[in-house]
Amino acid sequence: TGAGFDGRNRSKHTMTIHRVDTFHSAEAALRQNDLKQSLYDQGGILMDKVLVTLHGDEHRTRRTIESQLFRRNFFRYYESDVFPVLLKETLNQFLDHDEMDLKKLGYRIMVHLSLSFAGIDRIDGSLEESDAQHRLLIQLGQAATIGQYSGNRQLILDEIATALCEFEERFFAPSRLRREVLIEKFHRGEIEETALPRDILTILLMNEDKLNMSDELMVREVAFFYLAASHTSVHTLVHAMNEVFNWYKSRSSEASELKSDLLLLQRFVLESIRLHPSSPEAWRKAEENVDLGDAQAVKGEKVVVDLQTANRDVEIFGHDAGCFNPMRQLLPRVNPAGLSFGGGMHVCLGMNLVAGTIPKLGQTPDSDSQQYGTITLIIAELLDRGIQPHPTKLPEKIEASERDVWKIYPVIFEA
């Protein structure tokens, strides 16, 4: 599309869609404050008015409040203190067969992290409870991708509604009550603030007077963080593991060597994220007339930011931009993950948690402070436990989705 903009006029009754698909034009579009998030409009049953779909002052206020969670070296604390314990507990509990579906195992891992992050307690710690939380995560997560689903959407919407009720009654309500008791003790001076849980639900409850959120919206906001912290990570995990397997397929060295070189493994993960963004597109709606460089989006028109194509822009990432190459030399100020974490007001809050800190060009990372991200740590642990592609069962992708999503990814574990 030349400079990266393609205004498509089909008829006077059809909305004009502007497609942005070069790196610089996509980066600029993501920073346009007059372009409103619209990717999740079809999933409003859960996504309406949650952080990712808010705009303007309302979005700024809630994001500022929720960003308080990330004080006091939050991501370093999670990566060094919280996540390793959760990871080993999960693998010891569920890695009980020589062969497994990596996607299913990924959800088992991320459920525990996302529960901790969102502020949902495990009530009794039973296997049945863990199964229920895993199931609810899958069911609720459909709200974020329903816009790209070509099957029967009403069946999915009904399933989401049922799952949301179960989530609220079984898990949200008791988790909220426990935090309200602790917050009251804090206000009475009986405990220090450091004794409060470090999660989204606690932050919301501590700032109820500023947010004026209904109970129903608070349930959806916490449910959104529950699914957002999991689905994108599982997507990233399976793609990155697949790229690692393929990279070493024709090489004399072994993938297992990566487990002792976390910085290199992080480069594998970031390169995979560039090629496989969780959403291939970002959809926006023009709130005012917006200058897109070579075109103008009139108020009310749709702008599609093609992240997957922009992330493969040969002018930015070289002639092999469409190929996996963790050794790629990057231009200054270009994120090795491309635009996969978004930009502008909707840049991913949990980027550092998933991907770690990005070393600056030419800078040697400090091993004591470097964060590698949860995906790097998961893959390193799986490699240490002998993960291999399944020798006879092939992975499959979901055909009904426009997203590049794995349906199953069979693997084996060799001692």
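This is a predicted model: local features need pLDDT of at least 70, side-chain atom pairs count only at pLDDT 80 or more; totals for chains, interfaces and linings use all residues.
**Exercise 1. How many bridges join β5 to strand β8, and in which sense do the two run?**

Residues are numbered from 1 along each chain as its sequence is written, and side-chain values use heavy atoms, with hydrogens and water left out.

Solution. 
- Step 1. Helices (H or I, at least four residues) and strands (E, at least two) are DSSP runs, numbered from the N terminus. Two strands pair if DSSP finds at least two bridges between them.
- Step 2. Find β8 at residues 302-306; 5 bridges join this strand to β5, and the two run antiparallel. Across this pairing, Lys 285 stands opposite Lys 302 of β8.
- Step 3. Now look for β3, residues 35-37, which pairs with β5 over 3 bridges, again in the antiparallel sense. Here Gln 37 has Arg 284 of β5 as its bridge partner.
- Step 4. Buried means under 20% relative accessible area, exposed means over 50%, and partly exposed lies in between (1.4 Å probe, protein chains only).

**Exercise 2. Work out the strand order of the open sheet that contains β4, and find its edges.**

Solution. 
- Step 1. The sheet has 3 strands in the order β4-β12-β9, with antiparallel pairing.
- Step 2. β4 (99-101) and β9 (387-389) each have a single partner strand, so they stand at the edges and one side of each has no neighbour in the sheet.
- Step 3. From one strand to the next, the twist averages 40°. Such angles run from 0 to 180 degrees between N-to-C directions, with axes as lines fitted to C-alpha atoms, for helices over the stretch in contact.
- Step 4. Zoom in on β12 (residues 410-413), which is joined to β9 by 3 bridges.

**Exercise 3. Where do helices α4 and α7 bend, and which elements cover their buried residues?**

Solution. 
- Step 1. The bend at a residue is the angle between axes fitted to the seven residues ending there and the seven starting there.
- Step 2. In α4 (residues 74-94) there is a kink of about 45° at Phe 83, shortly before Pro 84. Phe 83 is itself buried, and the buried residues of α4 also include Tyr 78, Leu 87 and Phe 94. Among the elements covering them are β4, α5 (102-118) and α15 (374-384).
- Step 3. In α7 (residues 153-187) the bend is about 40° at Phe 172, and the proline Pro 174 follows within four residues. Phe 172 is one of the buried residues of α7, as are Ile 156 and Ile 160. The partners they pack against include α6, α8 (200-206) and α10.
- Step 4. Gln 142 lies in α6 (residues 127-145). Leaving out residues up to four places away in sequence, Gln 142 touches Ile 156, Glu 159 and Ile 160, where contact means heavy atoms within 4.5 Å.

**Exercise 4. Compare the span of helix α10 with its expected span.**

Solution. 
- Step 1. The expected span is 1.5 Å times one less than the number of residues.
- Step 2. α10 (residues 215-249) has 35 residues, and the expected value is 51 Å.
- Step 3. From first C-alpha to last, α10 reaches 52 Å, close to that expectation.
- Step 4. Most of α10 is covered, with 29 of its 35 residues buried.
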